[in-house]
Amino acid sequence: MSDPRLHSLHLEGQPRRESFRAAREAIKAACGSQTIAGDVRILADDERLSAATLAAPPGPLASGPAGRFTFYLKDGVNVYPLHVGMNSIGRLPDNDVVVRDECVSRRHCAILIHSDMRCELHDVASKNGTVLNGKKIPNPTRLQSGDQITLCNRRLTFHIAEVAVEPAVAG
């Protein structure tokens, strides 16, 4: 996976860079084929996938459980939509969720949303750690709707909401 959100070029110092790389490998290992299939950016960048694979219909992803739900983070008035696949969170402008706070790491954490509705929070070797419901997470941790994610002094609430299905109009 050559996702630019997982490059460690922004880190100074060997120990921190190695911690980031270990976290990156954990995220890659946690991404199953259906999770990656939901993240169009990864599909387009992944050299391992053939043109035929990219042209094929997504199959179970389109009709899977995650397709009937919307995922988002909220911090007061701001709402940050999330997608199936990897959602990076941090200070850099190319993150999926940009948190403008000097205390938040450039690549702070990531939320993986799998097509089967499993959601995980990964700390990405952030300087100040990632806190879930008042406890610092040492490893990838499962997320549930309503969970509180704290990055320094910023609190984000993770939400899963069912998408209302509009009835078919008979014509």
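**Strands and a disulfide**

Student: How many bridges join β7 to β10?

Tutor: Strand β7 (residues 131–132) and strand β10 (residues 148–151) are joined by 2 bridges and run antiparallel. Strands here are DSSP runs of E with at least two residues, numbered from the N terminus, and two strands pair if DSSP finds at least two bridges between them. This is a predicted model, where local features need pLDDT of at least 70, side-chain atom pairs count only at pLDDT 80 or more, and totals for chains, interfaces and linings use all residues. Residues are numbered from 1 along each chain as its sequence is written, and side-chain values use heavy atoms, with hydrogens and water left out.

Student: Which residue is the bridge partner of leucine 132?

Tutor: Isoleucine 149, in β10.

Student: And what does β10 do with β11?

Tutor: They pair in the antiparallel sense over 4 bridges, β11 being residues 154–162. Threonine 150 has arginine 155 of β11 as its bridge partner. The hairpin of β10 and β11 has 2 residues between the strands, and cysteine 152 there takes a positive phi near 60°.

Student: Other topic. Which cysteine is joined to cysteine 152?

Tutor: Cysteine 103, through a disulfide with S to S 2.2 Å; a disulfide is a pair of cysteine sulfur atoms within 2.5 Å. Cysteine 103 is in the loop between β4 (97–98) and β5 (109–113) and cysteine 152 in the loop between β10 and β11, so the pair ties together parts 49 residues apart in sequence.

Student: Is cysteine 152 buried or exposed?

Tutor: Buried, at 19% relative accessible area. Buried means under 20%, exposed over 50%, partly exposed in between (1.4 Å probe, protein chains only). Cysteine 103 is partly exposed at 29%.
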